[in-house]
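Take a look at the model below.

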Amino acid sequence: MKVIRKPVSPIGAA
Amino acid sequence: MGNNLMPSRFNVHTYTDSGELLVYNSYTGAILSFSDGEQPEVLAALKDGIVAQGSSVTAHLLASGILVPAHVDEFMRAKLLYQSSHRTDLMHLIVMPTEACNFGCTYCYQTFPRGKMTPQTIAGLKQFVDHKARFLQSASISWFGGEPLLAPEIIEQLSDSFLQSFARYDVDYSADIATNGYYLTKEMLTKLVKWKITRYMVTLDGPAIVHDRKRGLRGGGGTFERIFVNLKNARLLDEQFEIYIRVNFDEETLSDVPELVHMLKEHFAGDERFQLLFRPVGRWGGPHDDQLPICSDRTANLKIWEFAQLGLDHDMPMASIVENSMMPGGSVCYAAKPYSLVVGANGQLYKCTCAFEEEDNHVGRLHDDGRVDLDYDKFAKWVSSGDDTDPVCGACYYRPACQGNHCPLFRMRTGNRPCSFEKRKIRTALETVWQDATRVRR
């Protein structure tokens, strides 16, 4: 498994 | 007994050409890739969930938000995510140091009614920002126009003041600029970076003969050569910045794009500060709209990613803003963000940069003493939740990224859903992001 992009904690960040 | 961990409703998965499984979650922005041996376990979890987290693979799925505890209400999460954008410790200002431009681009929609920002507006803006700074955690300024580099002295004056205010209150600050690149000399770029402007959007619409036809000087004359020299000189600097080389294409120029990409490779490949962004020309409201040979939606949606892939094949990275747009809230337009405003050269305040003449877009005024008057009835039209009022957006896997607010102008004008380019071709987008991310390491 590879992490292409890490998760973020979304709340409180055509 | 049911499974305790369920697949998130905000997942998408696809396969790369080499057979790797990519899984993306729009609520956390995570993208994971899995090899052949890991795939059966992941696919089973994505289909029905699992009883409990056991292996390291399922631990990663849980940590990435791809699996969620069965009791979690993800609609509530999405709703809270939207509500959490209504905060007062962030500020994004799009500032027009001048509304004039030296270019006469065929597809431009602006009317350039005013020149440089007035001394009164400059004074008011300094006061406004200085007062606001004490309440802020983060601030971002986007320099816009017209052509902002026709007024570098105003950028300097305002930047000096902003930097002092933000330093005094320890505010995290970054800035970007949309410039045609004509005045972006090495000396100018060095100064701009000192003023914390680290992200640049510069447009080249093809090789010289094509670009000059689309983006010539207002009084006539080519611009490609000078912009290209500026970009080559920028490469000689050690400063940290990102330059997004934007390529607007239409039916007539589709076949010219590869030649431009090849030229860019010759001069910029290997320098990750120079990144490519492809966008279709649109009928954006300019006087020549009827004559523009714009691509069909179908062609545009295909070519954006085909050209991005061509760039990667030529060792030119895709603009980081594409990947950022797939993060939670990343595809919400600035016009829909409650903490974002456009400041015109005369102190007129707007939400959207694409419809300066629209009455609903005249949302307020900045006064000489730094006070701001806002028409909250107009303001509300831009920042209201798109995903709460549109049931299709509410149920969409991409909801956390765009919140139904990718383009509030489009929804206001047409009543239709404004899906982003990434969402329209999400699997291709994921594969391209994967290619971009693994390119250096391969």
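## From one bridge to two sheets

Start with Val95(B): its bridge partner in E12(B) is Val343(B). Keep in mind that this is a predicted model. The bridge belongs to a pair of strands. Strand E6 (residues 90–95) of chain B runs parallel to E12(B), and four bridges join them.

Now look to the other neighbour of E12(B). Strand E13 (residues 348–350) of chain B pairs with E12(B) in the antiparallel sense, over two bridges. E12(B) and E13(B) form a hairpin with four residues between the strands. In that hairpin, Gly347(B) takes a positive phi near 90 degrees.

Is strand E12 (residues 340–343) of chain B covered on one face or on both? Both faces are covered. Ser340(B) and Val342(B) lie on one side, Leu341(B) and Val343(B) on the other, and all of these are buried.

The largest nonpolar core has 113 residues. Val95(B), Ile245(B), Leu276(B) and Val343(B) touch the most other members. Domain 1 (1–72) and domain 2 (73–442) of chain B both give residues to this core, so it lies between them.

Next, step back to the sheet. Ten strands of chain B form an open sheet in the order E11-E10-E9-E8-E7-E6-E12-E13-E14-E15, with mixed pairing. Strand E11 (274–280) and strand E15 (372–374) of chain B stand at the edges. Each has a single partner strand, so one side of each is left without a neighbour in the sheet. From one strand to the next, the twist averages 25 degrees. Another pair in this sheet is strand E9 (residues 197–203) with strand E10 (residues 242–249) of chain B, which run parallel and are joined by five bridges. Thr203(B) stands opposite Arg246(B) in E10(B).

Some loops of chain B deserve a stop. Gly146(B) sits in the loop between strand E7 (138–143) and helix H5 (152–168). A cis peptide bond joins Gly145(B) and Gly146(B), with omega at about 10 degrees. Asp170(B) is in the loop between H5 and strand E8 (172–178) of chain B. Asp170(B) is not a glycine, yet it has a positive phi of about 55 degrees. Is Asp170(B) buried or exposed? Asp170(B) is exposed, because 11 other C-beta atoms lie within 10 Å, and a residue with 12 or fewer counts as exposed. Lys196(B) lies in the loop between helix H6 (186–194) and E9 of chain B. Its phi is near 75 degrees, again a positive value in a residue other than glycine. Lys196(B) is partly exposed, with 16 other C-beta atoms within 10 Å.

Now turn to the domains. The C-alpha centres of domain 1 of chain B and domain 2 of chain B lie 33 Å apart. Between them, 17 residues of domain 1 of chain B are in contact with 17 residues of domain 2 of chain B. On the domain 1 side, strand E2 (11–15), strand E3 (21–25) and E4 of chain B each give two or more residues. E2(B) gives the largest share, three residues. By class, this side has eight nonpolar, eight polar and one charged.

Finally, bring in chain A. Twelve residues of chain A are in contact with 29 residues of chain B. The chain A side has eight nonpolar, one polar and three charged residues.

Strand E1 (residues 2–5) of chain A pairs with strand E4 (residues 31–34) of chain B over three bridges. Val3(A) stands opposite Leu32(B), and Lys2(A) has Ser33(B) as its bridge partner.

How values were computed
Residues numbered from 1 in each chain as written. Chains lettered and ligands numbered in written order. Predicted model: local features only at pLDDT ≥ 70, side-chain atom pairs only at ≥ 80, totals over all residues. Contact = placed C-beta atoms within 7 Å. Nonpolar A, V, L, I, M, F, W, Y, C, P; charged D, E, K, R; others polar. Pairing = 2+ DSSP bridges. Domains from an automatic or database assignment. Core = buried A, V, L, I, M, F, W, Y, C linked by C-beta atoms within 7 Å. Buried ≥ 20, exposed ≤ 12 C-beta atoms within 10 Å, placed from the backbone. Axes fitted to C-alpha atoms, helices over the stretch in contact; angles between N-to-C directions.
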